[in-house]
Amino acid sequence: MLRCNPFLLFDGNCAEAMTFYQSCLGGELTLTKLADTPMKEMFPPEKHKRMINAHLNSGAIAISAADWMASPAFEPIQGNTFAIFIIGGTYDEIKKVFDKLSIGAEKDRFQDLHDLPFGTYGQFYDKYGVQWIFKGEKKE
């Protein structure tokens, strides 16, 4: 079953912001630094202290976040630091929704669904400028 929650992008202060949100909302916070993942080899050393994934779960409230990794190709500006995060489901389930929503998507920042250590991942900005991020089970 797919579910949706907000996904926030920060510019180096993700851990600080998410810790603050946890102090306000309670719940369980999980923080993962880029340096603690196999993906660190894909980025320069100055990004290794950034958060590649943060998740706060407090009852019915769920917020996911990460630090901005795309600089200097794309700079964080108001409007591109928020995304709709579609989570869960089999590859086939998320692929069906991904394909429909990505019709007319911006091509220069399009990442088709692909396997990463934590599952299947993909993202794009749709034809209306809304960013969508997908994470699901690995393709079998």
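First, the conventions. This is a predicted model, in which local features need pLDDT of at least 70 and side-chain atom pairs count only at pLDDT 80 or more, while totals for chains, interfaces and linings use all residues. Residues are numbered from 1 along each chain as its sequence is written, and side-chain values use heavy atoms, with hydrogens and water left out.

On confidence: pLDDT is the predictor's confidence in each residue, on a scale from 0 to 100. The protein has a mean pLDDT of 86, and 91% of its residues reach 70 or more. Helices (H or I, at least four residues) and strands (E, at least two) are DSSP runs, numbered from the N terminus. Among these elements, strand E2 has the highest mean pLDDT, 95, and strand E5 the lowest, 83.

Let me turn to the interior. I call a residue buried under 20% relative accessible area, exposed over 50%, and partly exposed in between, with a 1.4 Å probe and protein chains only. A nonpolar core is a set of buried Ala, Val, Leu, Ile, Met, Phe, Trp, Tyr and Cys residues joined through side-chain atoms within 4.5 Å. The largest such core has 14 residues; those touching the most other members are Phe7, Leu9, Leu34, Met39, Ile52, Phe85 and Ile133. Strand E1 (3–10) and strand E5 (82–87) each supply at least two of its residues, and E5 gives the most, with 3. Another core, of 11 residues, lies apart from it and includes Phe10, Ala17, Ala54 and Ala65.

Next, helix H1, residues 14–25. Its expected span is 1.5 Å times one less than its number of residues. For the 12 residues of H1 that gives 16 Å, which agrees with the 16 Å between its end C-alpha atoms. Which residues of H1 are buried? They are Cys14, Ala17 and Met18. Seen down the helix axis, these buried residues fall within an arc of 95 degrees, so they line one face of H1; the arc is that of the directions from the axis to the C-beta atoms. Contact here means heavy atoms within 4.5 Å, and the cover over the buried residues of H1 includes E1, E2 (28–33), E3 (51–58) and E4 (61–67). On the other side of H1, Glu16 and Ser23 are exposed. Just after the helix, glycine 26 takes a positive phi of about 75 degrees.

As for the cysteines, a disulfide is counted when a pair of cysteine sulfur atoms lies within 2.5 Å. How many disulfides does a search of the whole structure find? It finds 0. For cysteine 4, the nearest cysteine sulfur is that of cysteine 14, 18 Å away. Cysteine 4 counts as exposed, at 52% relative accessibility. For cysteine 24, the nearest cysteine sulfur is also that of cysteine 14, at 15 Å.

Serine 64 lies in strand E4 and, at 2% relative accessibility, counts as buried. Leaving aside residues up to four places away in sequence, serine 64 touches Asn5, Pro6, Phe7, Leu8, Ala54, His55 and Phe85. Methionine 42, in the loop between E2 and E3, counts as exposed at 59%. Aspartate 108, in the loop between helix H2 (91–101) and strand E6 (111–116), counts as exposed at 54%.
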